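Colleague: I have a few questions about this model before we move on. Can you put it up?
Modeller: Here.

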Amino acid sequence: IAATQPSTNWHLKENARDHHTSKFSSKELIVRRGQAFIVTFNGTEQPEQNLTFIAETGPEPSKLAKTQATFGISSMVSKESWSAVLQSTSSNSVSISISSPPNAVIGRYKLSVQNTSSGNSSPANLGSFVLLFNPWSSGDDVFMPNEAECEEYVLEEFGIIFAGNKNHINSFGWNFGQFQGDILNICLSMLDRSLNYRQDPGTDVSHRNDPKYLGRVLSAMVNANDDQGVLLGNWSGSYEGGKSPSSWTGSGEILQNWKKSGFKPVRYGQCWVFAAVLTTVLRCLGIPTRTITNFSSAHDADGNLRVDEYYDASGNHLDRTADSIWNFHVWNESWFSRSDLGPSYSGWQVLDATPQEESGGIYQCGPASRNAIKEGDVDLDYDCPFVFAEVNADCMYWNYDPTTGKKTLIFSKSTVIGQFISTKAVGRDDRVDVTNDYKYKEGSTNERDIFKKARKKLGLEDKFDPTAPTPQEIDQKPDLSGKFKVAGSLEVGKDLNLILVLANLQSDAKTVHVNMTAWSTVYTRKPIREIWKDSISVTLSPEEVKQFPIKIPYTEYQQQLTTDNTIQVTALCHVEGGIQVLVQRDIILDNPAIDIQVLGEAKVNKEVDVEVIFTNPIDMEVTDCVLQVEGNDLLRGILEIDIPPLKASETSSTKIKLIPFQTGSKHLLANFSCDKFADIKTFKIINVID
């Protein structure tokens with residue numbers, strides 16, 4: 001006879017507190033593996049030693065695949081398998097402490113109980129719970145001994161992402177929001193929509209005990225390539241039919257839109273959006289994760305640890321190769337052990353969800369051990385050569401003649417790539433530089449030895465490469481040097497004033513023909529629209545230094561600018577009787593600021609006014625003004641407010657009413673856009689009291 005349906009008390013509050021899952025807002029039990037949780041249920045009349053529990057997950061639960069466990073009541077916790085220890089009994093209820101092994105498969109489980117003495121009764125369903133990774137447990141692959149790091153990399157919902165370029169690092173806040181609303185369910189459904197799951201659900205679920213496996217699968221699922229994943233990438237500079245990548249302020253809206261649309265890819269993402277969403281998903285599942293920004297990041301498409309850039313005779317940066325050097329690129333590091341490689345490769349692992357190159361036939365990247373990257377062990381799994389190149393590749397700059405197809409090396413550099421590698425500090429909003437964790441000091445013998453070791457492992461040392469420059473080309477010495485200096489401020493809305501400085505390095509006079517261009521670009525340095533060009537001819541007397549002022553008026557660049565506010569200025573100098581000299585600079589223009597003021601004290605369940613202030617700094621009207629505001633525990637969802645046009649120098653002040661529903665330090669994030677300024681961001685920390 002079927003047992004009557006028992007009623008279950010999951011002790012949600014106590015279990016959540018013990019398992020560091022109190023921030024989830026779910027009515028379902030959420031616990032971490034390798035740690036005991038308490039369940040009380042009634043409706044069992046028989047002696048408890050006859051009870052058998054069944055915990056199962058996935059569509060094809062099996063003992064062999066470790067997706068099903070049956071266990072009776074024992075006197076002590078087992079480290080190797082699921083176990084149940086009796087806590088207390090009363091006339092009609094039993095309290096049990098259930099423990100899972102530290103390497104259990106994570107995901108949603110069904111728990112049932114069966115009375116073995118009556119022989120023919122079918123199991124009674126006690127309900128479902130979700131099991132996550134446990135960085136607080138020393139037996140777990142993701143164990144992180146430092147408590148403050150667990151707080152930051154698993155429990156913190158606010159992050160800071162670094163962007164800009166190596167001369168001008170800027171940063172903005174991001175709401176990871178891994179504990180909000182339905183995010184956990186969306187993360188679990190991501191796993192069930194992966195290619196691996198579709199091909200073989202049983203095997204896929206059985207691998208979900210392994211952070212290496214899940215990290216790799218999710219790096220593929222966050223981009224839309226191959227699998228109708230979360231985000232569609234777009235680097236064209238035009239974002240019709242979707243939201244511009246720089247307009248997002250958090251992952252929640254993206255993940256929710258993905259689910260709401262019936263899992264159609266959300267438009268649009270660029271690298272930091274992919275990385276931020278992957279951070280949300282991995283933190284949600286309990287894998288310690290952070291975002292990393294690499295400045296002057298190489299995209300080495302052909303795996304030769306060299307990035308080639310081409311310029312025509314006019315100085316235009318040609319888009320004729322898949323290789324590129326991005327102003328910055330953002331990826332992830334997740335913390336777990338590498339039993340497949342050995343203990344020296346455990347710790348931080350690089351994962352990258354931005355679709356750049358295929359790995360194993362699909363757009364996924366990692367986990368690549370950060371220690372392996374530093375030591376040049378590029379033959380180790382997964383995707384180490386690509387990540388090694390991102391921080392170490394050599395750069396070659398070529399002049400290319402499209403009519404003849406002839407290319408001439410202008411110069412090469414081995415110290416350009418991989419600078420100021422940055423992440424947010426633990427417990428603070430500061431930048432921490434982790435470049436030394438990725439490579440030895442630039443230019444040191446150690447660093448060059450590692451580069452040679454990596455080339456050797458990739459078989460590049462012994463093989464003749466017809467596309468490589470000759471040693472003579474590399475050693476050639478230019479007759480002059482040049483640089484662009486900035487004169488005045490770099491702000492959207494102001495004229496751009498630069499000085500081209502040319503210096504004759506020789507003891508005889510030189511005649512130079514200089515072709516100059518300025519293009520708007522996206523942050524990958526891909527040229528989008530021409531803004532300006534000019535050419536000059538000049539004779540420099542021996543060792544003379546000359547300055548040439550350049551002015552690009554706001555009215556000339558305003559229409560051409562991308563949402564990245566980046567302009568690449570190039571001067572290609574043709575020296576009579578000498579080799580060409582390339583002078584270039586990537587310029588980032590700063591947006592004006594917006595400001596958030598909290599008017600009064602923020603108290604739980606009490607209304608508080610917040611004011612967002614923006615002043616139009618230019619002498620023309622701005623229109624299509626939109627303000628977007630979000631903040632966990634301060635307001636539900638995202639507030640979008642249309643603001644009337646602003647005349648020259650006019651200030652707009654927008655009042656928002658908040659009713660905070662949690663105490664503590666909360667972040668309010670704002671994003672303001674209009675027709676002349678894209679995605680001006682700020683955040684404000686609001687301390688909510690009782």
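Colleague: At what angle do the axes of α3 and α7 cross?
Modeller: This is a predicted model. In it, the axes of helix α3 (residues 183-191) and helix α7 (residues 251-260) cross at roughly 60° and come within 10 Å. That angle makes α3 oblique to α7.

Colleague: And the crossing, left-handed or right-handed?
Modeller: The crossing of α3 and α7 is left-handed.

Colleague: Which residues meet there?
Modeller: From α3, Ile 183, Ile 186 and Met 190. They meet Gly 252, Leu 255, Gln 256, Trp 258 and Lys 259 in α7. By class, the contact has five nonpolar, two polar and one charged residues.

Colleague: Changing topic. Which residues does UniProt list for the active site?
Modeller: The unreviewed UniProt entry lists Cys 271, His 329 and Asp 352 under "active site".

Colleague: How many residues do they span in sequence, and how far apart are their C-alpha atoms?
Modeller: They span 82 residues in sequence, but no two of their C-alpha atoms are more than 9.9 Å apart, so the three gather at one spot. Of these, His 329 is found in strand β17 (residues 324-336).

Colleague: What range does the record give for the transglutaminase-like domain?
Modeller: In the unreviewed entry, UniProt lists residues 263-355 for "domain: Transglutaminase-like". Over residues 263-355 the chain is 44% strand and 16% helix, and the end C-alpha atoms are 18 Å apart.

Colleague: Where are the cis peptide bonds you flagged?
Modeller: One is from Arg 267 to Tyr 268, with omega near 5°. Tyr 268 has its place in strand β13 (residues 266-269). Another cis bond goes from Gly 366 to Pro 367, with omega near 0°. Pro 367 is in the loop between β18 (347-351) and β19 (368-369).

Colleague: Why flag them?
Modeller: Because most peptide bonds are trans.

Colleague: On to the sheets. What is the strand order in the open sheet of four?
Modeller: The order is β27-β26-β29-β30, with antiparallel pairing. The edges are β27 (527-540) and β30 (581-588); each has a single partner strand, so one side of each is left without a neighbour in the sheet. The twist averages 15° from one strand to the next.

Colleague: How many bridges between β26 and β27?
Modeller: Strand β26 (residues 510-521) pairs with β27 over 12 bridges, in the antiparallel sense.

Colleague: How many bridges join β31 to β32?
Modeller: Six bridges join β31 to strand β32 (residues 608-615), and the two run antiparallel. The bridge partner of Asp 595 in β32 is Ile 613.

Note on methods
Residues numbered from 1 in each chain as written. Predicted model: local features only at pLDDT ≥ 70, side-chain atom pairs only at ≥ 80, totals over all residues. Heavy atoms only, no water. UniProt positions renumbered as here; feature names shortened; annotations may be inferred. Pairing = 2+ DSSP bridges. Axes fitted to C-alpha atoms, helices over the stretch in contact; angles between N-to-C directions. Parallel < 35°, antiparallel > 145°, perpendicular 65-115°, else oblique. Left-handed = near helix turned anticlockwise from the far one by under 90°. Contact = heavy atoms within 4.5 Å. Nonpolar A, V, L, I, M, F, W, Y, C, P; charged D, E, K, R; others polar.
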